[in-house]
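Hi,

Here is the structure I promised to pass on. Have a look at it first, and my notes follow below.

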Amino acid sequence: MTDAPLAPGLTPAGWRAARRSFEGVVGADNAFFEEGDQHAYSDKFAINDASHRPLGALAASTTEQVQAIVRIAGQHRVPLWPISRGKNLGYGGPAPVLSGSVVLDLSRMKRIEVDVENATVLVEPGVGFYDLYDHLRAHDIKLWLSVPANSWGSVAGNALDRGVGYTPYGENTSRICGLEVVLANGEVIRTGMGAMSGSPMWQLYRYGYGPAWDQLFVQSNFGIVTRLGLWLMPEPESVLGMDVELDRADDLGPLIDTLGPLRREGVLQQNPTIGNWLRAATILTTRNQWTDKPGALAEEVIDAIRKKYGMGWWGVGLNVYGREGVTRASYAILEQAIKALKPLSIKPNAWHRGEPVPASIPLGVPSTFPLQSAGWYGGRGGHVGFSPVLPQSGRLALAQFHRTYARYQEFGMDYQGSFAFGERHLINVNALLLNKDSPEMMGRVDRLLRTLIADAREHGYGEYRTHLDYMDAVADTYDFNGHALRRLNEQVKDALDPQGVIAPGKSGIWPAHRRTARRGADGKEPRS
Ligand code: ADP
């Protein structure tokens, strides 16, 4: 990677002056603008390596440094792209939407403050799931995390991009309680009860007084979060679980219709994730061990892989957490409901307080092994997510699955999909596995993703989160009243960040001076 571009609107002289000022804040050792740095802060899983190229990065270590950086950026109109640890794999990693942006790397900010009695934590952005897990174990604190399957990233970054975990606290973003945020003018604010100086309530009551702002800083570009409060789960007395395998692709519908009512009623408190055979297989094997034929895998190959590992077409882990008496009763209800589906297998498992906690994601232990999926095709691997949200309806989810599966086959790609429960919705995460060394394959991927976004939109489904490449396309699908919500987002953006320096383009929100160029002369109709 050479000649990283300056962002449009930035002159070489302006950039030189800005860089000097930035280095004055973080020190030259924490300013990264060599060619190798640009590569390090780019998206390793990118479909097109030429897009989303950062100019380099600055690694701040305090809130005050972030304030100073934002002020300098505003003065020189340097676009910044804040990241926590930058492991947002499948959605862009550390890379910015707008090429030429300077990545603001907050991974050096690693302060952890746990309130053991109230089961909360206040973390700085650089605190990874491994860091917090180690901290809790080292201090023998009986609080559990809800880790994402690949737990390499940060606690704050995950909650800020609405990533999910697998315990009853799995929707991490809804456990946020109180933020510290640096605004584009350099001012620091604290949300919720944090707005009252010295209040002991910052991590205890989410709303404060008047409008509640926490979610305004989630998946947005209205500010840079420098501290994030999160509720943690008190260690339960027991966890009883079962791994269930179902034989046929169409078993997905009845499984969803069985689990949905139990989830809504609260018998199931965590968010089970139903995954297809390939999600499990990528951990155990690679494609070339089975076939060298291009195009989507043939049914016989799928059957052979499933047979060897005793896999269903779909598998799901179900877990109940809490007091023994309660978990035993809930487990019995679950077991009866699942047996009625005549599954291929049910494997029970159990953990009781006092026993060592096994390395298990549903028990809140960080892991990275699901990253192996990137190696499925061989070559330089990767994956991109396509993740619409759906109702908890077996019929509708099955229809969406069949539509998506048919598109994967049409475009010659192996299907890896999952359906993760929320309280009222399903998140249908489809991972598009890649071999970046196959230009022929990489040439098909973008068209497939845009087709999937359009197919979902036709049925009223939108993505809950998306890769940098598709932020505009997905924002376009949220179109009520001529994109009225986008206009509101833009009004807020213009009011809070008139120079447009914080994460231009994040979630399809562009500052005023970059909107006209993107939308055509009338400034109204988006082209993407
Ligand atoms: P992780 O630390 O889990 O790897 P990332 O740092 O990749 O997560 O963050 C995911 C996305 O969330 C980023 O691309 C960025 O858009 C946003 N983000 C992350 N940290 C912050 C922050 N401190 N303030 C504002 N937005 C952030």
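Before the sheet, a quick definition: two strands pair if DSSP finds at least two bridges between them. Strands (E, at least two residues) and helices (H or I, at least four residues) are DSSP runs numbered from the N terminus. Keep in mind that this is a predicted model, where local features need pLDDT of at least 70, side-chain atom pairs count only at pLDDT 80 or more, and totals for chains, interfaces and linings use all residues. Residues are numbered from 1 along each chain as its sequence is written, and side-chain values use heavy atoms, with hydrogens and water left out.

On to the sheet. Five strands form an open sheet in the order β5-β6-β10-β8-β9, with antiparallel pairing. At the edges sit β5 (112-115) and β9 (188-190), each of which pairs on one side only. On average, neighbouring strands here are turned by 15° against each other, direction ignored (axes are lines fitted to C-alpha atoms, and angles run from 0 to 180 degrees between N-to-C directions). Strand β6 (residues 120-123) runs antiparallel to β10, and four bridges join the two; L122 has G229 in β10 as its bridge partner.

β10 turns up again at the ligand. Along with β3 (80-83) and α5 (155-160), β10 (224-231) supplies at least two residues of the shell. There are 20 residues around the ligand, and S84, R85, K87, S154 and K506 come nearest (near means that a heavy atom of the residue lies within 4 Å). The protein buries 95% of the 550 Å² that the ligand exposes when taken alone (Shrake-Rupley areas, 1.4 Å probe).

Elsewhere, D472 is in helix α12 (residues 471-477) and counts as buried because its relative accessibility is 14% (buried means under 20% relative accessible area, 1.4 Å probe, protein chains only). The D472 side chain makes a polar contact of 2.9 Å with that of W510 (a pair of N or O atoms within 3.5 Å, one able to donate a hydrogen and the other to accept it).

Most residues other than glycine have a negative phi. N481, in helix α13 (residues 480-496), has a positive phi of about 50°. A503 has one of about 40° and is in the loop between α13 and α14 (512-519); at 3% relative accessibility, A503 counts as buried.

Cheers

Methods. Buried < 20%, exposed > 50% of the residue type's maximum accessible area, 1.4 Å probe, protein only.
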